[in-house]
Every structure is written in structure tokens, then in C-alpha cells.
Number of protein chains: 2
Amino acid sequence: MTYNFNAGPAMLPKEVMEIAKNEFLDYQNSGISVMEMSHRGVHFDEVIKTAESDLRKLLNISDNYSVIFYSGGATLQFSAVPMNLLLENEKADYVLTGVWAKKSFEEAKKLGYKVRGILDQKENNYTVIPEIKKSDIEEGIKYLYITSNNTLYGSRYKNFPDHGIPLVADMTSELLSREININSFACIFAGAQKNIGPSGLSILIIKNSYLNKQTKPIPVLLDYSLMAKNKSLYNTPPTFSVYIAKLVFEWCLKKGGVGELEKLNEEKANLLYSFLDKSEFYFAPVEKNSRSSMNVVFLLKNNSLEKNFLEEAELAGLHGLAGHRDVGGFRASIYNAMPKEGIESLINFLEDFKKKNS
Amino acid sequence: MTYNFNAGPAMLPKEVMEIAKNEFLDYQNSGISVMEMSHRGVHFDEVIKTAESDLRKLLNISDNYSVIFYSGGATLQFSAVPMNLLLENEKADYVLTGVWAKKSFEEAKKLGYKVRGILDQKENNYTVIPEIKKSDIEEGIKYLYITSNNTLYGSRYKNFPDHGIPLVADMTSELLSREININSFACIFAGAQKNIGPSGLSILIIKNSYLNKQTKPIPVLLDYSLMAKNKSLYNTPPTFSVYIAKLVFEWCLKKGGVGELEKLNEEKANLLYSFLDKSEFYFAPVEKNSRSSMNVVFLLKNNSLEKNFLEEAELAGLHGLAGHRDVGGFRASIYNAMPKEGIESLINFLEDFKKKNS
């Protein structure tokens, strides 16, 4: 048995991949693949409408929000968010809990928007999600920007800031893994390649009251109002990726929904963190209250064994455990699709490796 | 036997789809799908490098050009082209041979660039590709923009304008279907969903001398210089789509390359146009010199039979023949992947339908 701990593109549910393989050449007796169908035909129409309505069910998204299936990843939204949301002279604060938040902040600044980076956690090596006090935030800002889960460092907001200021959140590595109250957010976006589907697709959830306000020209495909009005079909969407996302949403519903997935995710993550915390051989550097349930970062106390560790893990069928090149060490990405057995296999391997090397 | 005449997303080569299905769950004994692999791992590294080098072979692209695999379709490039290519006070002319050229022109204009739309063919219902005289073009422009093949109207440039002015071409519906001299072009882009792969991917070929010149800020993912520098890996590319493109490029090489595909495409298109021109029941509205080899538009002389025609074609296994909603009539999209047998089946059906209805 092998397990795929890649941070993204990441493993998808086995059941989803099997359905996709079985109907790869012939979707519902149409004689052709979903990939070869018109995005304006009856089959794809049903695919995208089902995907949207299932996502709305899973996250309890009201009609006050639009759901858009976007080509491209989260980085495209780093530009689009301020272009759409910041009107003349409006401001925003960005909480700098990691490299993606920083990139998003720098993009908004580069494009000439009035944004501030706050509470930079660089001195903590991004191992802490800071408490955000009302006094940290500039008065009158349009939105407070957060990266809800930091894939690289394995940290996340246990609770979201709650000062009555609309949040904009990059939820790439945790959308669908935990329950959220959509109504706290002006806008949420997420690249698909963690919990949702193939890379090259992202999901945007935007409160309708923010649409149709911008008067400055926006590059056509970055224009949320236009995309929402055309229900993701202004141009050809990434049809096959939307189809995979639809299968994933159906799988999530079958698993009992986001609440049930969250319980399972907490259980999986706790299993691994408890093991690491008890160990004198490994350790988890992220502050306990800031730990991600999706990306578990850990290190060896003796880091000269890192290369050996990765080689032996590969041989044991545990793939993708290398930490991000900016961070080093190890990272087990354990998204919705990772079964509990994967964590147990990893812990067994960690035990064995320790015995052999201590 | 069924044939898929969709304009795009369109049929892909059967051999490609079968390979993709066979390795869908397990790519080269890795135990996981290409879709689930890191874009920075050894497997995908080989996929994207092979894709690029095969595309360079197929189109004879020199090292003076960068090749970029882009998330999203051609519409994204409507914004990116002027943002990257037009420096302070520089100008461009757009030849208005159809709706996509017009959209691209309007986008550049909306974003504040100094562009002119020329030779608008609206009065001909876009059935003609005009001859472009030197005097039609404003002196000193940076580029002349063309849509090389008009998917909607079934028209194309038989020869490209040759006045020593760098061309920018949207080749979405014909890249890889005919030989081109890359050196005439400042930049070529193409959405993948016709001759290349799934929707949500596009290919950009840009002359390096146009990179690193722009001083105005560009939204990060629209920045050609940054994308070229990072070899399509600044952010996560649409990995599975790049993989399908790679398989398609390999298929093109096996077929003998673009020159051989072009011969076959001309043969296929001529077969169909000859039939239509001889017919007193159907007709092809596009001027003979302007006819596309990829999208064959045709009409019934008695258009009251249109609905019947489409219903009976579907029953006969000939899918996707409805004309674009802006044009009406019929359209047979016969990209590289359409075998000659598909055209013969279509002609047989056209004969039968005529006999039954005349």
C-alpha cells in the first residue's frame, strides 16, 4: 500500500478517481469524454450546475453569494481581489502569516492599492498565527485579508478574526476540510489542487453586495461581476476539472458533509501531532494553537538524518513527505482524501525509523 | 460509429484518450495519477519538458522564443497582450475579422491602450478575410493583431499579412493544423481545447526580445516576462492538461508532424467543401479563398429543415453540428483528431438527408 502526502497537486479520493477512469472515454453513454464536450451542451450544463449546488450545500452558502469556477490558481486572485474590491481610496490590511499572504499583499501594493501588511510573523519563522486585536487593524478598511491555512509552514487560524470587519480569505489548502461561517467573509477563494480537484481550477465565493461597484477597468477575466453574471461561462471554463470537482463534492456529501470530514481531519491530525509531541526523536515546530490539520510539519531533532528519512519513506511507499524547499524538514499533507490508515502507516514508519536510528 | 464535430472543447485523438485512460490511476508505476503529482516532482518535470520540446519540434520554434503553458483560455491573453507588448505611447492595429478579434480589440481599448480596429468585416457577415494593404495599417505600430482562424464563421487567413510588421495571432482554433513561419510573429497564443487538449490550458509563444521591457505593473500571472523566466512554473500550472497536451504532441509527431497533418486537413476540408459547392441543397457561405480547414460552416438552402437536420444527425451519431448561436446553420469542426472517415460519414448523411427532403 502506498500513500501520497503531496502538498498539492495532492491525492484525490480513490472512489472519485475510479469513477473518472470508468467514464473517461464515454460519459453517461454519450460516446465521448467529458473533456471533449461543449461547455454549453446539456451534459456539461448538468455537471457545472450540480457542482455549484453541491458546493452550496456543503458550505451552507446562501443566495447572497455567487460561486464562480475559475481557470487558474489562487495566485490569479491575488491580483483580482483588490482590483474588484478596492474602490477609489479604499484600504485593506493583510495579515502576514506566511509567504502566500505576503505575495498577495505585495501584489496589491504593486498594482497601486492602499494596503498594509500587519503582524508579520517572520521572526517566528511563521510558526504562530497571531491573535489579531482590533487595535492592530486600521480603522475603516474595506477588508481584512488572511491566508486561513499556511500550506508551507503547517499553521492555521483556529478561529477567524471577529471584529465585524469583512474577511477576504485564501482558503486554498483547507476549503471543505472544516466548517466555516460564510457570512463573515466578503470573499473566499481556493485553488482546487488540495481538497477539490486538479490544478488549474479555483473556486471563488463572493458576496453579491461587492459586485458591480468597481468603476475602474479590470482585465476581463479578472472581473468578478462579469464572471458572476455569466455563471462561470463567460469563456470556456476548465471543463474536465469542474467535472472532477463535482465528483469530489458528491464524495464529500456521501461522507456526511464538511462537519463529518472536519471530525475525521481533527482525529487524523491529533493522532500524528500526539505522536510527535511524545517523541524525543521528532518534533513539530508549530505552536499548538496554530497547528494545521491539513499540513503537519515536523522535523528530526538530529537533522543529519533527513536525506535517509526521505529515501526510506519512499521505499516504504510514503510519498511526498519532503518539506517545502523554503522550510525544509518534513510535511505530511493530509487532506480530506487521506484515510486514517495513511496516518497509521506513517506513524508506524516513524516508529521504525526511530528504532533503527536512535 | 459516432463522430464528434464539437467546435471546442472538441474531440481528442482516440489513441491519446486511451493512453490517458490506461495510466489514469497509475502513471508509469508511480502508484498515483499525474493529476495527484507535485508539479515540482521528477515525473511532471519530465512531462512539461517533453511537452515543450515536442511543441518546439512540431512548429520549428527557435530559442529566440519562449513557450509558456498558461492556465486559462485565449480570453486571458486578450488582456495580457497589450499589457505586456505596448509600452508608453505605443500603438497597435487589430484586424476585425470576427467576434474574437473584436473582443480582443475592445479589451485593449478598455484597458486604455492606443489601438485601432481596422477592416471590420461585419458587413460581409464575417465571411471574408480581407486583403491587408500596407496603407490599411497605421505607420509605426508595434504589432498587427489577427485571429488566424475564425471558429464561429469558418474563415481563415490563407496567407498571413506580410508587411514586415510583427504579428500577434490568436491561433486558438488552428495551431498545429498547418505549417507557419514562427519568425513572422511577435507572439502567438492558443486555447488548448481545439487541437491540443482540455479547456483551461493555453499555449503562449513569445519572442524573447519583447520580454522584460514593460515598466508599468502587470497582474502577476499576466506578466509574460515572469512566466517565461519561471518556465511556466511560477505557480502551479494545470498539470493534467499539460500532460494531455504532451500526449497530443507525441501523437502529432507520430503522424509525421504538422506538414503531414496539414495535408490531411486540406484533404478532409476539400472533400466537404467540394460536396457542398456541388450541392443545390446545401451551401457554404464563406468566400472560397477565406475558408477554414478547421471549421466548415454550411447552411441549408431551405432553412426550415434546420431543426430536423440536427435531430437526424444526432440519431446518425454525428454530434455537435449546430452552428454557433450567433451565426446559426451548421458547423463541422474537423480538427487534427477528426479522421477522414468522419468526413465521409458526414457526407453520406448529407446525401441521405437531401434525398429524403428534396
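Here is a walk through two helix pairs, one in chain A and one in chain B, of a predicted model.

Two packed helices are described by the angle between their axes and the distance between the axes. Let's take chain A on those terms. Helix α1 of chain A, residues 14-22, packs against helix α6 of chain A, residues 239-254, at an angle of about 135 degrees, and their axes sit 9 Å apart. An angle over 145 degrees would count as roughly antiparallel, so α1(A) ends up oblique to α6(A). As for handedness, the crossing of α1(A) past α6(A) is right-handed. On the α1(A) side, the contact uses E15(A), V16(A), I19(A) and A20(A), while α6(A) brings Y243(A), I244(A), L247(A), V248(A) and W251(A). Sort the residues of this α1(A)–α6(A) contact by type and you get eight nonpolar, no polar and one charged.

Now over to chain B. Here helix α3 of chain B (residues 74-85) and helix α4 of chain B (residues 99-110) have axes that come within 9 Å and cross at roughly 45 degrees. Roughly parallel would need an angle under 35 degrees, so α3(B) is oblique to α4(B). The crossing of α3(B) past α4(B) is right-handed.

Which residues of α3(B) and α4(B) meet? From α3(B) come T75(B), F78(B), S79(B) and P82(B), and across from them in α4(B) are W100(B), K103(B), S104(B), E107(B) and A108(B).

Conventions. Residues are numbered from 1 along each chain as its sequence is written. Chains are lettered from A and ligands numbered from 1 in the order in which they are written. This is a predicted model: local features need pLDDT of at least 70, side-chain atom pairs count only at pLDDT 80 or more; totals for chains, interfaces and linings use all residues. Side-chain values use heavy atoms; hydrogens and water are left out. Axes are lines fitted to C-alpha atoms, for helices over the stretch in contact, and angles run from 0 to 180 degrees between N-to-C directions. Helices (H or I, at least four residues) and strands (E, at least two) are DSSP runs, numbered from the N terminus. Angles under 35 degrees count as roughly parallel, over 145 as roughly antiparallel, 65 to 115 as roughly perpendicular and the rest as oblique. A crossing is left-handed if the near helix is turned anticlockwise from the far one by less than a right angle, and right-handed if clockwise. Contact means heavy atoms within 4.5 Å. Ala, Val, Leu, Ile, Met, Phe, Trp, Tyr, Cys and Pro count as nonpolar, Asp, Glu, Lys and Arg as charged, and the others, Gly among them, as polar.
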